[in-house]
2 protein chains.
Amino acid sequence: MRTGYLGPEGTFSHEALLAAGLPEGEVDAVPLASIHDVVVAVQSGEVRRGIVPIENALEGAVTATLDALTFDAPDVVLTGELVLAVHHLLLARDAQPLDGLEVIVSHPQPLAQCARTLRTLAPQATPVVATSTAQAVRDVMAEGGARAAIGTAAAARVYGAHVLAEGLEDDPSNVTRFVWLARAGDGEAGPPAPVGAPARTSLVFHGDGDGRAGWLVRCLSEFAFRGVNLTKIQSRPLRSALGHYLFHLDLDGRADDPDVVAALAGLSTHCETLRILGSYAVAAATIRAGHGGAHTT
Amino acid sequence: MRTGYLGPEGTFSHEALLAAGLPEGEVDAVPLASIHDVVVAVQSGEVRRGIVPIENALEGAVTATLDALTFDAPDVVLTGELVLAVHHLLLARDAQPLDGLEVIVSHPQPLAQCARTLRTLAPQATPVVATSTAQAVRDVMAEGGARAAIGTAAAARVYGAHVLAEGLEDDPSNVTRFVWLARAGDGEAGPPAPVGAPARTSLVFHGDGDGRAGWLVRCLSEFAFRGVNLTKIQSRPLRSALGHYLFHLDLDGRADDPDVVAALAGLSTHCETLRILGSYAVAAATIRAGHGGAHTT
């Protein structure tokens, strides 16, 4: 099944796709140029399924994903989630001592997330910025010498890089949550849901009443009164004027649970738009990608 | 007064500082390397005042600002706000026809925000990415030829660039909201507040109860019950584990207004932390920076 992800090969999105444990041969992985392109490719049918990051424990919401779903993909739904540990490796063309490294290349975010560890491991190295971790690994493989890249286990495997060190991240608890996308009604495009797993529902709403005192409270009260737990709330600009927002909510339960049905009916009375983005199984555990290529699910 | 901003000269932050209408000679502008550095320089006293972007009408919250305030600047407060129209200019070393341009350099965000207009104005040009709009203008001034940069009016003035076109933005309503920073208690560091202007208060809170149904509603109800209007809510990760958040709120009124005092007292009973980031005058109007260097306030 054609499955879109943020490319090139070796990105965190690619690592998530490889680590998902889908049956061998079932995935036709399609690298795309941006998160927006992945969401829109699912909408247009160019790919039947997509995987995109939606939230990081340190950085927060991935706004490109939320906005593409809201503004450019009316028929795309969330069919599952996957939580991946953010695990940074130091990759080079050739084996070499860390304290001789002169340059370390990566995207600004991993450079920041590994800064403390790298000051200890490779104190001589100068950080240099690349457009993505995958591009950084490509650059290092092309140039060689006393240069290393911060990259993923997937990039090490795809580009045949030598792993100089792993676990570079200053904060080992960092994780990224990915979601699976498909067109609404295409039941077969989603990942198999674990039997009996608890469910989560994602939705987005906005209302013209958002300038009045208490509007948001009235909206959220619909859930509180019925004991429905909210696990995330994220505001995004409505793109009309400063001060007006869309709200992305995640809640415990399925959209067809009786309490949730009642809460959504109540919410809709306060809103101009209310869209259910999907109900899906909560990820059972955090996945760690192994640098040898083995992965646990 | 030493005033920190995100440099180098010619950034949007620099443009906001120039457009603020502060008395000539009163500002000793100090360019710093990142938004985080600006916030921390105010905290440490390296600068007495700072100006940082906090929200954009299209992109949403500037998370670097929110997180630096929350995690690294316990003594910094907001003392004012300024709303600047996002106005993109096409800059080059020499006057030349637009349809002969081969390369247009800028930060990815302005390239995206001007994509449609540029396809019409300069259909032959290839977009090339730079680390900032100011760096793009420097590159173009150094290399010359059929190259142009998307940059600010401030950059045109600082680097002596030729303005080939202005108003490149596809969405002319885009604005960025900046806030002034000072250390708590340093009353003289803030901008002069317009007499009689309506006030806004910014605060941040979190509570261990955030996993329970209705916790956030109980928090927000404290404002709704008392008729206090919320103008912004933004969740940010608590950085401990996925699913726990800090909430940034803006509300109409001052922290010492009786209704607000009562609401904050109520809120504090639900929270582990509650910090008032400041009360300040609401910006009266959107500022437009003129490309000739004149500015309206």
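Me: Which residues of chain A does UniProt place in the feature "domain: ACT"?
Reply: The UniProt record, an unreviewed entry, puts "domain: ACT" at residues 204–281 of chain A. UniProt positions follow the numbering used here, feature names are shortened, and annotations may be inferred rather than shown by experiment. This is a predicted model: local features need pLDDT of at least 70, side-chain atom pairs count only at pLDDT 80 or more, and totals for chains, interfaces and linings use all residues. Residues are numbered from 1 along each chain as its sequence is written, chains are lettered from A and ligands numbered from 1 in the order written, and side-chain values use heavy atoms, without hydrogens and water.

Me: How much of the span 204–281 of chain A is helix and how much is strand?
Reply: Helices (H or I, at least four residues) and strands (E, at least two) are DSSP runs, numbered from the N terminus. Residues 204–281 of chain A are 27% helix and 36% strand. The end C-alpha atoms of this span lie 18 Å apart.

Me: How many residues of chain A are in contact with chain B?
Reply: Contact means heavy atoms within 4.5 Å. Here 39 residues of chain A touch 40 residues of chain B.

Me: What area is buried between chain A and chain B?
Reply: Buried area is the accessible area (1.4 Å probe) that two parts lose on being put together, summed over both. For chain A and chain B the figure is about 2,800 Å². Carbon and sulfur atoms give 57% of that area.

Me: Which elements of chain A supply at least two residues of the side that touches chain B?
Reply: They are strand 3 (49–56), strand 11 (175–183), helix 8 (215–224), strand 13 (230–237) and strand 14 (245–252). Strand 13 of chain A gives the largest share, 8 residues.

Me: How many salt bridges are counted between chain A and chain B?
Reply: A salt bridge is a side-chain nitrogen of Lys or Arg within 4 Å of a carboxyl oxygen of Asp or Glu. Between chain A and chain B the count is 0.

Me: What rotation superposes chain A on chain B?
Reply: Copies are superposed by least squares on the C-alpha atoms of residues with pLDDT of at least 70 in both. A rotation of 180 degrees, with 0.0 Å of shift along its axis, does it (RMSD 0.0 Å). The two copies are therefore related as by a two-fold rotation axis. The same surface serves both copies, as 100% of the contact residues of chain A recur in chain B.

Me: Is the peptide bond from A:Gly7 to A:Pro8 cis or trans?
Reply: Most peptide bonds are trans. The bond from A:Gly7 to A:Pro8 is cis, with omega near 0 degrees. A:Pro8 sits in the loop between strand 1 (2–6) and helix 1 (12–19) of chain A.
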